[in-house]
Each structure stands twice: as C-alpha cells, then as structure tokens.
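Colleague: Can you take me through the aromatic rings in this one? I'd like to start in the middle.

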Amino acid sequence: MDFISFRIAGKSYSIYGMSPLTAIRIMQARDIKKELDKSIGCLKAMTQSVALGISDSKTIFNILKRIVLRRKFLKKASLDELFDAYNKTLKMIPLEDMAGISAVMEQLSQSIAKDHE
C-alpha cells in the first residue's frame, strides 16, 4: 500500500493512497478568495488540504478529526512544516490529476508572491 509519512505540530501522520474523490476535494480546498488577508487564506487552505489527506473520509468522526487537525495545525505548526506536509499531500494525489495539482501550486505561488510585494 502506498503511503507517505511526515511530522507536523510535534506528531507524525501518514497519508495512504487516496480515492479520486478525496483528491478532488483536496484540490478544491482553496479559501484564498474568502479572506481579506491572503496569507491567512493560504494557511487555511493548506491546513484544510493536509487534514483532508489525513482523514480521507466523509464520516462524522473523520469530519470532527479534520476540524481538530486544522485547528492544531494553525496553532502549533511552523510554516516550513505546514508547507512540507502540503507538498507531501499533493504528491499522494494520483497521476491522472497532475494538471489540477499544477494549477493549485501556481495559484498558491501567485498568492504568496502578492503577499511579499
């Protein structure tokens, strides 16, 4: 079984091979346009994507787990850890969705570049 492990906010997590529906939900987790401060929107989008990759399901327990993970990552994770976890989450998306991954990464890099100007 394919999986990837990473450490974020003082704990190790693993992401296993994900379903196409989860991959689509990860690529659509973009809160960038909803926030006034674009950097906070980027962080929320990355934490949402990482939490979706870890929990991977739509059951009520996994939805609650995703909420707890998102809050924990926003409070305790460093930017380097979060960006590394986000990249590893995107690497677990099946190859058929690579065009979507490049669009997500392009939007993220544009948003980060606008914040530093």
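Colleague: F6 and Y13, buried or exposed?

Modeller: This is a predicted model. In it, both F6 and Y13 are buried.

Colleague: Which aromatic cluster do F6 and Y13 belong to?

Modeller: F6 and Y13 form one aromatic cluster together with F73.

Colleague: How many aromatic pairs does the count come to?

Modeller: The count comes to 3 aromatic pairs. One of them is F3 with Y16, a tilted pair at 5.7 Å centre to centre and 40° between the planes.

Colleague: Where do F3 and Y16 sit in the chain?

Modeller: F3 is in strand 1 (residues 3-8) and Y16 is in strand 2 (residues 11-16). They are 13 residues apart, and the pair links distant parts of the chain.

Colleague: And what is the relative accessible area of F3, and of Y16?

Modeller: F3 has 48%, which makes it partly exposed. Y16 has 43% and is partly exposed.

Colleague: Back to F6 and Y13. Why is that pair tilted?

Modeller: The planes of the F6 and Y13 rings are at 40°, so the pair counts as tilted. Their centres are 6.5 Å apart.

Colleague: Change of topic: S49. Where is S49 found?

Modeller: S49 is in helix 2, which covers residues 38-55.

Colleague: Is S49 buried or exposed?

Modeller: S49 is buried, because its relative accessible area is 0%.

Colleague: What is S49 in contact with, leaving aside neighbours within four places in sequence?

Modeller: With those left aside, S49 is in contact with I26, A29, Y86 and T89.

Notes
Residues are numbered from 1 along each chain as its sequence is written. This is a predicted model: local features need pLDDT of at least 70, side-chain atom pairs count only at pLDDT 80 or more; totals for chains, interfaces and linings use all residues. Side-chain values use heavy atoms; hydrogens and water are left out. Rings of Phe, Tyr and Trp (its six-membered ring) pair if their centres lie within 6.5 Å; planes under 30 degrees apart count as stacked, over 60 as edge-to-face and the rest as tilted. Helices (H or I, at least four residues) and strands (E, at least two) are DSSP runs, numbered from the N terminus. Buried means under 20% relative accessible area, exposed over 50%, partly exposed in between (1.4 Å probe, protein chains only). Contact means heavy atoms within 4.5 Å.
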